[in-house]
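Here's a quick briefing to read with the model open.

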Amino acid sequence: MQVESLIFDMDGTLWDSAENVARSWSEVIKKYPDMHTEITERDIKGVMGLSMDVIAVRLFGDYTPERQAEIMDACGNYENEYLRIHGGKLYDGVEETLRQLAEEHRLFIVSNCQSGYIEAFLEHYGFKKYFKDILCWGDTRKSKGESIRILMDKNGISDAAYVGDIQGDCDSARFAGIKFIHAAYGFGKVDNKDAEIKSFGELLEIVE
């Protein structure tokens, strides 16, 4: 597959942060006396890839929209700090593969996360040097497909593939009019993919 640029999803593609996200959210929720919800790694994995407003309804739907927003802001802000220090579970071969890919391709990240999440990932692992630009739901408040288009327009991208792990990622790539590579080691199954990788390092075989 010949492409000039590669745009990456985060969770289930570059890393698995669910365990530490659950830990950070649980610490925040303990500070709310009226809340008796326990956030588990399974809960977080069940909403990975969804936009933050949808996650708020899924996990805190018993509260008012205003209360949901308050909780999500508190959890998201602390999560960013926690992940900046502790990181997550980086998939095998990510750094070496990114280093090699960056020699011949422009690399980007688009995620449905809150602002600061991608930055925490890049800072913890020292990966900022590999990526030309990033964008997320917290920046645009738009669908992932629309965010991909915004990033493409901003950076003059016309030939790209999106690398993600769930059907929503594939649908977003189609919306943006680009190819899709399924990270099959991630959190979901996908129809209508252009290529599939069973480990991150296989990207080198797909796009080189």
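This is a predicted model: local features need pLDDT of at least 70, side-chain atom pairs count only at pLDDT 80 or more; totals for chains, interfaces and linings use all residues.

Buried means under 20% relative accessible area, exposed means over 50%, and partly exposed is in between, using a 1.4 Å probe and protein chains only. Residues are numbered from 1 along each chain as its sequence is written, and side-chain values use heavy atoms, with hydrogens and water left out.

**Cysteines**
- You'll find zero disulfides here (a disulfide being a pair of cysteine sulfur atoms within 2.5 Å).
- C75 is in no disulfide, and its nearest cysteine sulfur, that of C113, sits 15 Å away.
- C75 is also buried, at 0% relative accessibility.

**Nonpolar cores**
- A nonpolar core is a set of buried Ala, Val, Leu, Ile, Met, Phe, Trp, Tyr and Cys residues joined through side-chain atoms within 4.5 Å.
- The largest one has 56 residues, and L6, F8, W25 and I109 touch the most other members.
- Apart from that core lies another, of 16 residues, with V110, L135, L151 and V190 among them.
- Leaving out residues up to four places away in sequence, L6 is in contact (heavy atoms within 4.5 Å) with L101, R106, L107, F108, A161, V163, I181 and V207.

**Helices α4 and α6**
- Helices (H or I, at least four residues) and strands (E, at least two) are DSSP runs, numbered from the N terminus.
- Helix α4 (residues 65–86) packs on helix α6 (residues 117–125) at an angle of about 15°, and their axes are 8 Å apart.
- That makes α4 roughly parallel to α6 (the label for angles under 35 degrees).
- At the contact, E79, N80, L83, R84, I85 and H86 in α4 meet Y117, A120, E123 and H124 in α6.

**Positive phi outside glycine**
- R141 isn't a glycine, yet its phi is positive, near 55°.
- R141 lies in the loop between α7 (137–140) and α8 (144–155), and it is exposed, with a relative accessible area of 57%.
- N192, also not a glycine, has a positive phi of about 65°.
- Look for N192 in the loop between β7 (179–183) and β8 (195–197); at 57% relative accessibility, N192 counts as exposed.

Key:
Axes are lines fitted to C-alpha atoms, for helices over the stretch in contact, and angles run from 0 to 180 degrees between N-to-C directions. Angles under 35 degrees count as roughly parallel, over 145 as roughly antiparallel, 65 to 115 as roughly perpendicular and the rest as oblique.
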